[in-house]
Amino acid sequence: MLTVDETAPVIVRLSTEIDAPLERVWALHTGIDDWPVWNPGIDQARLDGPLAEGSSFTWRTHGLEITSTIREVVPRARIVWGGPAGGIEGVHVWAFEHAGDRVVVRTEESWSGAPVDAATEELAAALRTSLEDWLTCLKNRAERLS
């Protein structure tokens, strides 16, 4: 099981509980091409190939174009992706689990690289805000579809 880079200077861990079926939450989150529909922080996203280890997707967020590679997929339970962007090496882990008739979504992301070393506190705050927004958007969309 892959994890974030525990030695990275920036690591953010967050979670939320969503009142929606796991299948819906997983489908929204892994429907990469549709991220801009429900997450205004993402301008565009395109999966190049199947949702599988080794596939890449390109997406644009906060003015940054990113190409991420999927490193692990456990259907309806876990997805890990990562890659370099603007000198930052990121690893992003998402986990999904049943909590009664709700879903707990946990996310953790690590950032390392020269830009992170130069502005650790600012980038940690930016990452935390971005992930909080992402979880809020995912929750709102999944619950609205109920």
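**Contacts and overall build of a predicted model**

Ala 77 touches Trp 26, Trp 94, Ala 95 and Phe 96, leaving out residues up to four places away in sequence. Contact here means heavy atoms within 4.5 Å. The model is predicted: local features need pLDDT of at least 70, side-chain atom pairs count only at pLDDT 80 or more, and totals for chains, interfaces and linings use all residues. Residues are numbered from 1 along each chain as its sequence is written, and side-chain values use heavy atoms, with hydrogens and water left out.

Ala 77 sits in the loop between β4 and β5. Its relative accessible area is 26%, so Ala 77 is partly exposed. The classes are buried (under 20% relative accessible area), exposed (over 50%) and partly exposed (in between), with a 1.4 Å probe and protein chains only. Ala 77 and Phe 96 are 19 residues apart along the chain. Their C-alpha atoms are separated by 4.7 Å.

The loop between β4 and β5 (78-85) also holds Arg 76. Arg 76 is not a glycine, yet its phi is positive, at about 60°. Most residues other than glycine have a negative phi. The relative accessibility of Arg 76 is 42%, so Arg 76 counts as partly exposed.

A positive phi is also found at His 62, a residue other than glycine, with a value near 50°. His 62 belongs to the loop between β3 (56-61) and β4 (64-74). With a relative accessible area of 63%, His 62 is exposed. Beyond residues up to four places away in sequence, His 62 touches Gly 41, Asp 43 and Ser 130. His 62 and Glu 97 are 35 residues apart in sequence. In space, they are 29 Å apart, C-alpha to C-alpha.

The protein as a whole has four helices and seven strands. Helices (H or I, at least four residues) and strands (E, at least two) are DSSP runs, numbered from the N terminus. Along the sequence, the pattern is β-α-α-β-β-β-β-β-β-α-α. The radius of gyration is 15 Å, close to the 15 Å that the globule rule gives for 146 residues, so the protein is as compact as a globular protein of that length. This radius is taken over C-alpha atoms, and the globule rule is 2.2 Å times the number of residues to the power 0.38. The C-alpha trace spans about 45 × 30 × 30 Å along its principal axes.

Of the 146 residues, 42% count as buried. The protein exposes about 7200 Å². Carbon and sulfur atoms supply 50% of that area. Areas come from the Shrake-Rupley method with a 1.4 Å probe; for residues, only the protein chains shown count as cover. Among contacts between residues at least 6 apart in sequence, 49% join residues at least 24 apart.

Charge was also examined. There are 13 positive and 23 negative side chains. The centres of the two sets lie 6 Å apart. Lys and Arg count as positive and Asp and Glu as negative, while His and the chain ends are not counted. Each charge is placed at NZ of Lys, CZ of Arg, CG of Asp or CD of Glu.

Val 103 is found in strand β7 (residues 102-112). Its relative accessible area is 0%, so Val 103 is buried. Leaving aside neighbours within four places in sequence, Val 103 is in contact with Thr 16, Glu 17, Ile 18, Ala 20, Pro 21, Leu 22, Val 25, Phe 96 and Glu 97. Thr 16 is 87 residues from Val 103 along the chain. The C-alpha atoms of the two are separated by 8.3 Å.

Helix α4 (residues 120-144) has 25 residues. From its first C-alpha to its last, α4 reaches 36 Å, close to the 36 Å expected at 1.5 Å a residue. The expected span is 1.5 Å times one less than the number of residues. Buried residues of α4 are Leu 127, Leu 131, Trp 134, Leu 135, Cys 137, Leu 138 and Ala 142. Arg 144 is also in α4. Its relative accessibility is 58%, so Arg 144 counts as exposed. Arg 144 and Ala 20 are 124 residues apart in sequence and 8.9 Å apart in space, C-alpha to C-alpha.
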